[in-house]
Amino acid sequence: MTIWNLGSINIDIAYAVPHLPLPGETLAALSLTRGLGGKGANMSVAAARAAARVVHLGAVGEDGAWAVERMMEYGVDTRLITTVDGPTGHAIILVDRAGENSIVLHPGANHLIPEDLVGQALSDADTGDYLLLQNETLMQREAVTMARDLGLKVAYAAAPFDAEAARNVMSHADLMVLNAVEMEQLRAASGQDLAAIGVETVIVTEGGSGGRIHRAQTGWEPEHFTAPRVEAVDTTGAGDTFTGYLVAGLDRGLPLRQSVELAARAAALMVTRHGTADVIPDLKDVQATRFG
């Protein structure tokens, strides 16, 4: 089948720093890198590297042609990425010596995706395909409504957390992925427990501890999964890698538990590397790596 990803594309400008700065503090960066990123692009690259067919729906400015070419090199179908009059989205990323990060986003072209692009794309979708979304673009409500009408499955990464976007998507989603902080933000914003939000399967990631699978069919009893133990150098993009691998596994027909465990392995390998989309591991690397 196909994963149709309505997702952001960013230019990532990453600075290695001794520690994350305190308010009012000025730091000298240890190094600077520039690469492809954005939650949407990261998820598309991860799913493609996990052997899924991925069509990315998005936008860049004139300064983003190289980002589209790089996504294509990584196996993503980029025919539905349009060029708009505005800057490509970008992120300023600070990464400390422990691998923790702090990120500032400018949406740019990610908020200028033409309204007819989603309809144009999903008119070619087949029943059983996946629509994948996160919160760095607009038009989530329109996309999920159309996807449901066409018989697509909907996978939603509720990040960066946005209460309105979550309300628009949750009742249409088959699968939701979020981290523990985002889960608490969702509970606080909605005032609902998992059974009430209307999503069949909710995966809550907990970093190096692994995470929990919550399913309606098992009465919402949490199922713990572990993450391989690694020495993290950069956690940027780990959650996106997890989501891309997870949806790719499900799209290829793997059972949920097996897809989650594969995604956890991919995310663990990802945090041992500096960078974002450009260093997402491919399926052979993930399968061949022996973790300590």
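Contact here means heavy atoms within 4.5 Å. The structure is a predicted model, in which local features need pLDDT of at least 70 and side-chain atom pairs count only at pLDDT 80 or more, while totals for chains, interfaces and linings use all residues. Residues are numbered from 1 along each chain as its sequence is written, and side-chain values use heavy atoms, with hydrogens and water left out.

A nonpolar core is a set of buried Ala, Val, Leu, Ile, Met, Phe, Trp, Tyr and Cys residues joined through side-chain atoms within 4.5 Å; buried denotes under 20% relative accessible area, exposed over 50%, and partly exposed in between (1.4 Å probe, protein chains only). The largest such core comprises 49 residues, and those with the most contacts inside it are Leu36, Ile203, Phe242, Tyr245 and Leu246. Helix α9 (residues 256-270) gives the most to this core, with nine residues. Residues up to four places away in sequence not being counted, Ile203 touches Leu175, Met176, Val177, Leu178, Arg212, Ile213, Phe225, Phe242, Leu246, Leu256 and Val260. Another core, of 39 residues, lies apart from the largest one and has Val55, Ala59, Leu186 and Ile197 among its members. In soluble globular proteins, nonpolar side chains tend to be buried together.

Helices (H or I, at least four residues) and strands (E, at least two) are DSSP runs, numbered from the N terminus. Two strands pair if DSSP finds at least two bridges between them. An open sheet is formed by four strands in the order β3-β2-β6-β7, with mixed pairing. Strands β3 (31-37) and β7 (101-106) stand at the edges, each with a single partner strand, so one side of each is left without a neighbour in the sheet. Strand β2 (residues 10-16) pairs with β3 in the antiparallel sense over seven bridges, and Ala16 stands opposite Ser31 in β3. Helix α2 (residues 65-73) packs on the sheet and touches β2 and β3; its direction makes about 70 degrees with that of β3.

Axes are lines fitted to C-alpha atoms, for helices over the stretch in contact, and angles run from 0 to 180 degrees between N-to-C directions. Helices α4 (residues 140-149) and α5 (residues 163-170) pack at an angle of about 10 degrees, with their axes 9 Å apart. That makes α4 roughly parallel to α5 (angles under 35 degrees count as roughly parallel, over 145 as roughly antiparallel, 65 to 115 as roughly perpendicular and the rest as oblique). Gln140, Arg141 and Val144 in α4 meet Ala165, Asn168 and Val169 in α5.
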